[in-house]
Amino acid sequence: MAAENQMEKLIVESVMKELARRGLLGGSPAEGESGAKSVPVGSEPTVVCSACSDEEITLPDISEVWVPQPANLEALQAMKKATPARIGLYRAGARPKTGALLRFMADHAVAQDAVFLDVSEEFLKRMNLFSVQTAVKDQDEFLKRPDLGRKLSEEAKKTILEKCKKNVQVQILVVDGLSSTAIEANVPEVLPVLIQGLTAAGIEVGTPFFVKYGRVGVQDQVGMLLNAEVVISLIGERPGLASAESMSAYIIYRPTEKTVEADRTMISNIHRGGTPPAEAGAHLVDLIKQVLAAKASGINLTKA
């Protein structure tokens, strides 16, 4: 009975949150978004909806083994410690148990938020990043037309040329990609370490900026536009049910119109449960030094 009540509360909370996001509760969309908060996977599993009540909903903890009388409990526990995958949760007949379903719905909602919510203006202001947009006009087109996410709009090209230094050794981009959550969770730690490390090494760094509706390939156009020796993009990864905060870093040396994916050096899985952000920043500094020394990235870097 308690599980049914919890399910009902979660459904109501989800509907209220969506209505608030669309500005249908009498407030602005921005107010609606701030009224509902979801907690990232891996942290304390609670959801609070101020639009409907102040009561916290505690979601099921799936870190424990739910299998009754398992044949090898130690093996199950060892596997669960090794992966965040949903194993050892048992079932109710052919269906998942209610608790497992609730947690799945909550984690899926967090992943959807990561894709559909924008990186906030407050965040960009705090990180001192100006913003430009690709040739994509809205979120729907961004998801349907990856090719447009690799091209800058004409206005973006003009803004970049006005505000950025040309002929620098390293140009840093922050790109939303498929997870705004990943950007806001990791960039505050990675970006300062990256800039300070490169500057301390005597490497000239250009003016960092943010690209909205961007894909990995947009770094090629930026590199050619500014004649940068190396371009590094910090970009949100496609979110999953285990984490919506994972970010990647793509590095390219002297990109051209003939650049292929094998020319890029990539570090993935940057988040608190993977490579910690501050550690990733230091590692990226060393990697960029190698790229500059070898004058190559990607497969060509491994051959140098």
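Here are a few questions and answers about this predicted model.

Residues are numbered from 1 along each chain as its sequence is written, and side-chain values use heavy atoms, without hydrogens and water. Local features need pLDDT of at least 70 and side-chain atom pairs count only at pLDDT 80 or more, while totals for chains, interfaces and linings use all residues.

User: Which residues does K166 contact, leaving aside its neighbours within four places in sequence?
Analyst: Contact here means heavy atoms within 4.5 Å. K166 sits in the loop between helix 7 (154-163) and strand 5 (170-175); helices (H or I, at least four residues) and strands (E, at least two) are DSSP runs, numbered from the N terminus. With those neighbours set aside, its partners are L161, L225 and L226.

User: How far apart are the C-alpha atoms of K166 and A228?
Analyst: Good one to check in your viewer. Along the chain, K166 and A228 are 62 residues apart. Their C-alpha atoms are separated by 6.7 Å.

User: Which are the edge strands of the open sheet of 6 strands?
Analyst: Two strands pair if DSSP finds at least two bridges between them. The sheet has mixed pairing and the order 4-6-5-7-8-9. Pairing on one side only marks its edges, strand 4 (130-133) and strand 9 (265-270).
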